[in-house]
Amino acid sequence: MSHIVPQPGILDIELYVSGKSTIDGVTDVVKLSSNENPLGPSEAAVEAHRRAGYELNRYPSSEHLSLRTAIADVHGLDVDRILMGAGSDEIIAFLCQAFAGPGDEVLYTEHGFSMYRVSALAAGATPVVAPECDRVTDVDALLAACTKNTKLVFIANPNNPTGTMIGGNEVARLAEGLPEQAILVLDGAYADYVEGFDGGASLVDMRDNVVMTRTFSKLYGLGGLRVGWGYGPKPIIDVLNRVRGPFNLTAPALAAAEAAIKDLPYVQKCRQENAKWRAWLAEALAEHGVPSDTSTANFILARFSDQQEAEACDDYLKSQGLIVRRVAGYGLPNCLRITVGDEASCRRVAHAVGQFKGGAR
Ligand code: PMP
């Protein structure tokens, strides 16, 4: 028997299986399983990344001031209360490391993002799940699930994989009702897709128990570079900076993200294209008898009659070169999550779902 054992909780973490981008024997594959921007990053970001690549012998900035300033300018935030992470995954991990440990509870919703559980267990804390109401975050259920041990409460708004979101009043009611030792984390990975939405930044500014996380992986098309950020009260950001490694972001990633956030026309174009094709895809699927909730993000949660039908449709889509995401692991076995691709991909998916429903399997 080995004497080398991991910390309690670590073996409860399921190994992450990432989505494939190829299908054996099928050419012309489209990956619609990871909510990536089908238009790719801004050309300015690609160029900034290339230029930063000439100085790879140099360590990157540890304070990320230039990028934080650009973020603060675009969103109208206080630069000193922004913290950069290697993806927003890393900010989630910092929050759990710094604020939750053995005996503490980390609360999130039934169909919440998988990293809340992983980071809670990695910190030795206990993950606690509150039910949703028809695939929508239920503030009353979250408040009812709070205990004296609740240290962190995560909600994604919009939520992944449901695509639904709750209004500002509901989010404020949640922040207000939490026990005093708990921090509310507003995960805004998909907030950029909602025209005019600040992701909860104004609530962060009003309270001492709310943190917002954001990412460059979705609308900005930079998932491959791992850039995320958090915004919160100064005392909380100061704590998170203590657990952050000094060089947690690479120089090319910092340069690309800064160029990307400054390219406002491109960001707006991506947002509009997503909204247009999301509406088109939802309607086309509904016409084929596959309903979905109103999505506010860059994907659609397509609902089938049961798990068997969802899996059969997934298999059929695969045979047609289309990779979408099964979400049984999120407690949604009768659903498939389909990223809103470009026009051609949306038309291909709708056509294939139509063929499947028409008996082409
Ligand atoms: N939060 C949610 C809700 C997500 O869906 C994702 C990505 N799938 C993330 C956070 C993490 O994104 P990243 O680490 O790429 O910033």
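Ala 44, Ala 45, Ala 48, His 49, Arg 51 and Ala 52 in helix H1 meet Ala 251, Pro 252, Ala 255, Ala 256, Glu 258, Ala 259 and Ala 260 in helix H9, where a contact requires C-beta atoms, placed from the backbone, to lie within 7 Å. The residues of this contact divide into 10 nonpolar, one polar and two charged, with Ala, Val, Leu, Ile, Met, Phe, Trp, Tyr, Cys and Pro counted as nonpolar, Asp, Glu, Lys and Arg as charged, and the others, Gly among them, as polar. Helices (H or I, at least four residues) and strands (E, at least two) are DSSP runs, numbered from the N terminus.

This is a predicted model, in which local features need pLDDT of at least 70 and side-chain atom pairs count only at pLDDT 80 or more, while totals for chains, interfaces and linings use all residues. Residues are numbered from 1 along each chain as its sequence is written.

Turning to the sheet, seven strands form an open arrangement in the order S2-S8-S7-S6-S5-S3-S4, with mixed pairing; two strands pair if DSSP finds at least two bridges between them. The edge strands, S2 (82-85) and S4 (126-130), each pair on one side only. Within this sheet, S7 (residues 210-215) and S8 (residues 228-231) run antiparallel and are joined by four bridges, and Thr 213 stands opposite Gly 230 in S8.

Around the ligand are residues including Asp 89, Phe 113, Asn 160, Asp 187 and Thr 215, each with its C-beta atom, placed from the backbone, within 6 Å of the ligand. This shell divides into three nonpolar, seven polar and two charged residues.

Methods: Contact = placed C-beta atoms within 7 Å.
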